[in-house]
Amino acid sequence: MGVVTFPGSLDDHDALRAVRLTGAEAVPLWHASQSLEGVDAVILPGGFSYGDYLRCGAIARFSPLMGELIEAAGDGMPVLGICNGFQILCEAHLLPGALIRNDVRTFVCRDQRLRVETSDTVWTRDFLAGEEITIVLKNGEGGYVADAETVARLEGEDQVVFRYVGPNPNGSVHDIAGITNARGNVVGLMPHPEHNVETLTSPSVDGRRFFSSVIGFVQTLR
C-alpha cells in the first residue's frame with residue numbers, strides 16, 4: 001500500500017505505520033515521481049500540501065504522481081484520501097464537490113463520532129452500515145460543499161460513506177464526513193483513521209478496519 005508524500009504532508013508516516021500495523025507492506029511514494037511502484041492501493045495523507053497555497057490540494061493535484069494515480073484510479077485502484085488527501089481528490093475531480101473553511105472559523109481537533117452509511121466500498125467492507133465509530137478529526141477547512149444536484153446524487157446513489165454524529169464540526173452539507181465515487185474504489189474523508197489504530201494513543205482502534213477492508217479486497221483479486 002503506497003502513501004504519497006507531498007511538500008507539507010505531515011501524516012504520511014502515521015499512515016505508513018498504520019499500514020504496517022494492519023499487515024500490509026507500506027511503500028513511501030514521492031509526489032514528483034511518475035511511478036506508483038506497483039502498489040495495490042494508495043493513500044493520500046493529511047497535512048498542508050504545498051502550504052495550502054491557492055486552495056487546499058489545488059497545487060498537489062498537478063504533481064507528476066497524480067497523473068499516474070488518476071489513471072490508476074480510473075482503472076479501479078483503491079485510493080483513500082484523508083483530510084488534505086480528500087481535498088486533493090476533489091481538486092483532481094476523482095470525487096465531486098469541495099472542502100471550504102470551517103463555518104466556526106477555527107481549527108477543530110477532537111475525537112469525532114461518525115456513522116457508517118455504507119459498507120459497499122473497498123475501504124469500508126469490514127464495517128456495518130449504520131454502526132457508529134470514533135475517529136480523530138483535525139482540520140481548518142473541512143466543510144464539505146457541493147451543488148444541490150451533486151448532493152442529491154450522492155445521497156440517492158449511496159455515495160455518502162460517513163456522516164458526523166452530534167454537532168456538525170465544520171458546517172459540511174448534510175453532515176457529510178466522507179464520500180465515494182460511483183465505483184466504490186475511491187474514498188475521501190476528513191477524519192483521520194490512521195490515528196485510530198493503537199489503544200495506547202487512541203480512544204478506539206476503529207481506524208484499523210479501513211486498512212483491513214482494502215487488504216481483504218486486494219486479496220480477493222489474487
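Before we start: two strands count as paired if DSSP finds at least two bridges between them. Keep in mind, too, that this is a predicted model.

**Stop 1: a pair of strands.** Select strand 6 (residues 108–116) and strand 7 together: they pair in the antiparallel sense over eight bridges. Now click glutamine 112, and look across to its bridge partner in strand 7, isoleucine 135. Next, keep just strand 7 (residues 132–139) highlighted. Seven of its eight residues are buried, so the rest of the structure largely encloses it.

Stop 2: Zoom out to see an open sheet of nine strands, ordered 2-1-3-4-11-10-9-6-7, with mixed pairing. Strand 2 (27–30) and strand 7 are the edge strands, each pairing on one side only. Neighbouring strands here are turned by 25° against each other on average, direction ignored.

**Stop 3: a parallel pair.** Pick strand 4 (residues 79–82) and strand 11 (residues 186–189), which run parallel and are joined by four bridges. Glycine 81 stands opposite glycine 188 in strand 11.

**Stop 4: the core.** The largest nonpolar core has 66 residues; select Met1, Val42, Ile43, Leu44, Trp123 and Phe162, which touch the most other members. Helix 5 gives the most to this core, with six residues.

**Stop 5: the pocket.** Which residues lie nearest the centre of the largest pocket? Select Met1, Ala24, Glu25, Asp40 and Arg222, from a lining of 14 residues. The volume of this pocket is about 240 Å³. Finish on helix 5 (residues 208–220), which gives the most to the pocket's lining, with four residues.

Conventions
Residues are numbered from 1 along each chain as its sequence is written. This is a predicted model: local features need pLDDT of at least 70, side-chain atom pairs count only at pLDDT 80 or more; totals for chains, interfaces and linings use all residues. Side-chain values use heavy atoms; hydrogens and water are left out. Buried means under 20% relative accessible area, exposed over 50%, partly exposed in between (1.4 Å probe, protein chains only). Helices (H or I, at least four residues) and strands (E, at least two) are DSSP runs, numbered from the N terminus. On a 1 Å grid over the protein atoms alone, a cavity is a set of points where a 1.4 Å probe fits but cannot get out, and a pocket is an open set with protein on both sides within 12 Å along at least five of seven lines; lining residues have an atom within 4 Å of a point. Grid points are joined across faces, edges and corners, and a volume is the space filled by probe spheres set on the points. A nonpolar core is a set of buried Ala, Val, Leu, Ile, Met, Phe, Trp, Tyr and Cys residues joined through side-chain atoms within 4.5 Å. Axes are lines fitted to C-alpha atoms, for helices over the stretch in contact, and angles run from 0 to 180 degrees between N-to-C directions.
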